[in-house]
Amino acid sequence: MIQAFSACTSEIDDAELAVKEIVEQLGYEGKLLKNTVGIMSCFTDFIETGIVKALCDALPFDVLGCTTIANASAGQWGETMLCLLALTSDDAEFVTGLSEPILEEDIRALRRSYEEATRGRDGRPSLEISFSPLLLSAGNDFFVESMDEITGGTPLFGALPVDHNTDYHDARVIFKGEAWRDRCAFLLFYGDVAPRFYTGDISKDKIFPEEGTVTASKGNVIQSVNRKPIIEYLMSLGLTKNENGDIAGINSFPIIADYNDGSEPTIITMFAMTPEGYAVCSGKAPVGSTLAVGRLSPFEVTATSANTLKKFLDETQCGAALIFSCIGRYFSLMYDQSAEMQMVVSWMENRDIPYLMAYSGGEACPARDDAGILINRARSNTFTICVI
């Protein structure tokens, strides 16, 4: 059995006061069981002001997580907030690990960190929660597929960090009080842990009918579509450049990629355009993939998250809930960007379920195949829930 506590603070300048607020809200004194771990999300400034380090030093357990542009927990929501979800158990064990710097899509760096973290343990974990870096050199699906191979198929739930900058240059992974732009942090659960997963994404009628074929790409960077620069393909759909030559609001348009290999199409997000006019994406789009662009309206975002929350709350008894929603959904809410967070806070009100919600640069959440078997999937533009 896993018990949980949640807390948040908007105190972004005074480390001593922020730590005091979090510790008092958690109220864990005398309640922690044999094994405990913390999951954190925060606005980047909490790192710069030393609050992340001070809090991790003060807490009697390991903490990992990532930066975000907005989050919610313990009945509160906001942009410049730090949120923490603490899990504690007598029978479940928690193992944390941090990878070496990821310079390219090389599974060996992840494998070494996993083997070091699990040295001396038998059997595979029951669940993995990961925070992978947001990189130009390695996409979300590289991390998901690599960890799936390394763990032997352990269900994987996770997020990529984001921040408030247009190029996300301060998006960082957090591990034991330190912050990293190029490392992957992970949490492994051992014991009788039976997670459940819920996902909401874009409706098929919100996808433009015009399709394009990827004719040049490298990993998660798309160079050309239909033998023309990717930016021309996007503009042919009605998207426009801003004064800097970038596509305005590019990360609010979900890209549906069909790999034409018999697998279910996947949604990826384009984060930025390179100086060469290439699109940097949350996941891969190999040559030969078929692309279609979708459009998320504010109604579509709130409707899919409401349906997902309803299904979760109708079906599930749980000790805690971890919720990641794509930053593309946040931007699609336009003038009411807090609507999805407010919905989560409202729906969770008066329910004895500690939770943490954060916006991410890409998600990892399993799906069930036709035989009912969980398959790890890299996702984007989705609203995902892991119930523990």
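Colleague: Why is Arg111 called partly exposed?

Modeller: Arg111 has a relative accessible area of 28%. Buried means under 20%, exposed means over 50%, and partly exposed lies in between (1.4 Å probe, protein chains only). So 28% makes Arg111 partly exposed. This is a predicted model: local features need pLDDT of at least 70, side-chain atom pairs count only at pLDDT 80 or more, and totals for chains, interfaces and linings use all residues. Residues are numbered from 1 along each chain as its sequence is written, and side-chain values use heavy atoms, with hydrogens and water left out.

Colleague: What makes Glu149 and Arg111 a salt bridge?

Modeller: Their closest N and O atoms are 3.2 Å apart. A salt bridge is a side-chain nitrogen of Lys or Arg within 4 Å of a carboxyl oxygen of Asp or Glu. The 3.2 Å separation is within that limit, so the pair counts. The bridge links distant parts of the chain: Glu149 sits in helix H5 (residues 140-151) and Arg111 in helix H4 (residues 107-117), 38 residues apart. Helices (H or I, at least four residues) and strands (E, at least two) are DSSP runs, numbered from the N terminus.

Colleague: Which accessibility class does Glu149 fall into?

Modeller: Glu149 has 51% relative accessibility, so it counts as exposed.

Colleague: How do you know that Arg172 is buried rather than exposed?

Modeller: Arg172 has 8% relative accessibility, so it counts as buried. Asp170 is buried too.

Colleague: Which residues are linked with Arg172 in a network of salt bridges?

Modeller: The network links Glu48, Asp170, Arg172 and Arg181. The side chains of Arg172 and Glu48 meet at 2.2 Å, N to O. That pair spans 124 residues: Arg172 is in the loop between strand E9 (156-159) and strand E10 (173-175), while Glu48 is in helix H2. Asp170 also bridges to Arg172, with the closest N and O atoms 3.8 Å apart. A search of the whole structure finds 12 salt bridges.

Colleague: What makes Asp45 partly exposed?

Modeller: Asp45 has 31% relative accessibility, so it counts as partly exposed. Asp45 lies in helix H2 (residues 45-48).

Colleague: Which residues form the negative surface patch?

Modeller: Asp13, Asp14, Glu16 and Asp45 form it. A charged patch takes residues with over 30% relative accessible area and no salt bridge, joining like charges within 9 Å. Asp and Glu count as negative. Each charge is placed at CG of Asp or CD of Glu. Asp45, at 31%, therefore passes the area cut-off.

Colleague: Why is Ser282 called buried?

Modeller: Ser282 has a relative accessible area of 4%, so it is buried. Ser282 lies in the loop between strand E19 (279-281) and strand E20 (290-294).

Colleague: How is Leu127 classed, buried or exposed?

Modeller: Leu127 has a relative accessible area of 0%, so it is buried. Leu127 is found in strand E8 (residues 127-131). From Leu127 to Gln223 is 36 Å, C-alpha to C-alpha, with 96 residues of sequence separation.

Colleague: How do you know that the chain is as compact as a globular protein of that length?

Modeller: The chain has 9 helices and 27 strands. Its radius of gyration is 20 Å, close to the 21 Å that the globule rule gives for 388 residues, so it is as compact as a globular protein of that length. The radius is taken over C-alpha atoms, and the rule is 2.2 Å times the number of residues to the power 0.38. Buried residues make up 58% of the 388.

Terms used
Patch = residues over 30% accessible without salt bridge, like charges linked within 9 Å, V, L, I, M, F, W, Y side chains within 5 Å. Areas by Shrake-Rupley, 256 points an atom, 1.4 Å probe, with all protein chains shown as cover.
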